[in-house]
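The sequence and the structure are shown below.

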Amino acid sequence: MHNTSASTPPRNPDETDLDTLYQIETPEGIDLTAQVAGPVPRILAYSVDLFYRSMILLALGIALRVAGNTGIGLWLLCSFLLEWFYPVLFEVLRRGQTPGKQAFSLAVVNDNLTPIGWGPSIMRNLLRFADFLPFGYFAGILSMSCSRNFQRLGDYAAGTVVVYREPVAKTGELPDATPTPPPRGLQLADQQAIVSLAERSNVLSRARQRELADLLQPVTGLSGDDGLRRLHGIGRWLLGARKPKQSKATATTDTPEHAEAAQ
Amino acid sequence: MKQRDFERRYEGQWQLIENWLSAYRKNTGAGPESNGTDDLPQNYRRLCQHLAVAKERQYTSNLIARLNQLVMQCHQRLYRQKHVSSHRWLEFIFAGFPRALREQARFVWLACGLFLAPALVMGLGCYWNDALIYAVMSPEQVLQIESMYDPANRVLGRERGSDSDLLMFGFYIKNNIGIAFRTFATGILFGLGSIFFLVLNGVFLGAVFGHITRVGFVSTFYPFVIGHGAFELTAIVFAGAAGLRLGHSLINPGNLNRRQSLREAGREAMKIMYGTFLMLVIAAFLEAFWSSSTEVSIGIKYAVGGFFWLLVISYCVFAGRRLPVAAPAGSRL
C-alpha cells in the first residue's frame, strides 16, 4: 500500500481550503491529482440508479406475476441482490461506475487512485445502511459534508473516494498570430496568464477576450483587437514558436493530430 | 526548452501510450502484445518524468492536465488489484474464515453474550409469565406465531407445495441476510447499532422460544428451528462481532489515527462478513427446503440439527489450525 493521502502536505496554504483537488504521491514519486465529487452530484447519481433499480424491479414484478409463488420467491431474491449488490457489480466490472455515476461522469476509486476491487466495493455498499440512518442518508450526507474528500462512512471504512472521471484533455488550437517577443521583465505569473489566454482563444468569446486584453493595456500599449493580437503573439512566442512561417505550418499540422490522439 | 519543442519531441511517445490504452480499453487483455509496446512500466516511468518536468517548468495547465490524465490511466492499469482465484476461495472457506473468527474471538464472545443474555432472560421470563410476551409483541403477532407452530393446523407441512418453498427461500434470503448486514453496518456508529440489533434480536427470539415452549408447541417448533438455527443464529452473532470490531476501531484506535484504524478494522471485518454471508445462504436454503418438511420424522430432524450444530461449532474451533498461515498481512480478499 502506498496511500499517502493522509500525509500529503497542502501545496499552498492559501489555496487548500476551497478546492476539491485530491492529491496522492505514486511510487514513482509523481503527484497525481483528481477532483473529488461533492454530495450534490452523488445524490443525483444515486437517484438515477434508484430509478433504474425500481424500473428493473417493476418489470420483473410484472414478468414474474404469472409464475405464482415461485415468481414471488424469485422476485424477493432479485430485490435482495439488487438492493445490496447492484452497485458492487457495476463498480468492480465497469471501472468504478454505476449507470448513475456514469451519467454524471463520477467514478469510485481506492484512495490511492487505483481501480476499486471486490473487497472495498462490498464494504462501502454494505455500510450504505449505516449512511442511510436515521433516514434518507442523513448520516452519509453529514459525513460527506464534514470530510475533506467528501467521504461517507462507507468510503472511510473501505478507503475509497468518488472522483470525477474527466474526458480526455485536448490540446487547444492556438490563435493564428505572429509570434512576438514579450516585453522585458514580464513576471512568471503574467506569462502564464498570457499563455492560457492564447490557449483558450477558441473557448472564450471574442468580446470577452478583448475585454481581458484591455486590462493589459499598460503592458502591450495597445487596445482592442490589436492588443489581443499582440497578446496572442506573445503567448505563441512563450510557448516556443519563433519564425512565423514555420510555426504556422506546425500549428496546422500538429493540432489535428492532437485532437485525433485525444479521441 | 520551450513547451512547443517539448511537446513536439515527446508527442510520439504519448500517442503510443494513448493508443495502447484505448486498444486495451476496447478489448481488455489483448492490448499489450498486439501493439508492440509491451513495456508499459518503462514507458510509464518516462511519462512520469515528463509530467514532473512539465510541472517544474510550469508549462500550461492544458499540457499538465493531459499528462496527469495519461499518468492516471497508466497508474490504474499497472496497480490494478488481482482478482480472487478459486483456489483462494477454497482456502478462505476451509481456513481463512474460522481463523478470522478466532482472531476476533473477543468480539465474537461479546456479540454472543449480547445476543444470548437477553434471549435467556426473555425466554425464561416468557416461560414463567404468560403476559411478558405482550411487552415486546402485539397480540396479533403472538396469535400469528402461535398459529404457525400449532401442531393442530399443520401449515408447515410439505403439502404447501414446493413452489412456496421457493417463495420462503426468497423471503428468508431477503429478510435474514438483510438483518445480518444491518447488524454489521450499524457497528460503525461506535458499535451502538450492532449492540442494538443483537439485543433486539435476542429479546425477540427469546420471547418466541419462551412463549412457544410455554404454550406447548414443542413438537413442531424445535424440530423446525434446530436445523437452520445452527447457521442462522451463529451468523447473526458473527455479523454483530464484525460490527463491534468496526465500532471498537473508532473508540480505541490505538497507535493509528481513526481513519487508518477504521480501514484496518474494515478489512478484518470483511473476512468475517464473507463467511457470514455464506452461512446465511446455507441457513435460508435449509430453512426453506429442509426445516419445513414434515415427511421426515422428528427424531431425524433433531439428529441432523444436532449434527449441524456440532459441525458449525467444531468448524469454528478447529478448522484451519493445522495449515500454515498463507495470506500475508495487508493482502485483500
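In this predicted model, helix α9 (residues 192-215) and helix α10 (residues 218-251) of chain B have axes that come within 11 Å and cross at roughly 170°. Angles over 145 degrees count as roughly antiparallel, and α9(B) and α10(B) are therefore roughly antiparallel to each other. On the side of α9(B), the residues making the contact include I195(B), L198(B), L205(B) and F209(B). Those supplied by α10(B) include F221(B), V225(B), I236(B) and G240(B). Sorted by class, this contact has 14 nonpolar and five polar residues, with no charged residues.

The second topic is the interface of chain B and chain A. The area buried between these chains is about 6,000 Å², and carbon and sulfur atoms give 61% of that area. Within chain B, the residues that lose the most area to chain A are R4(B), R259(B) and R263(B), which together make up 12% of what that side buries.

The table lists the number of residues that each chain brings to the contact.

| Chain | Residues in the contact |
|---|---|
| chain B | 61 residues |
| chain A | 77 residues |

Three salt bridges are counted between chain B and chain A. In one of these, K174(B) pairs with E83(A), and the closest N and O atoms are 3.4 Å apart.

Several helices of chain B, among them α1 (3-26) and α11 (258-291), each supply at least two residues of the side that touches chain A. The largest share, 15 residues, comes from α8(B). By class, this side of chain B divides into 27 nonpolar, 17 polar and 17 charged residues.

Conventions:
Residues numbered from 1 in each chain as written. Chains lettered and ligands numbered in written order. Predicted model: local features only at pLDDT ≥ 70, side-chain atom pairs only at ≥ 80, totals over all residues. Heavy atoms only, no water. Contact = heavy atoms within 4.5 Å. Buried area = accessible area lost by both parts, 1.4 Å probe. Salt bridge = Lys/Arg side-chain N within 4 Å of Asp/Glu carboxyl O. Helix = DSSP H or I, 4+ residues; strand = E, 2+ residues; numbered from the N terminus. Nonpolar A, V, L, I, M, F, W, Y, C, P; charged D, E, K, R; others polar. Axes fitted to C-alpha atoms, helices over the stretch in contact; angles between N-to-C directions. Parallel < 35°, antiparallel > 145°, perpendicular 65-115°, else oblique.
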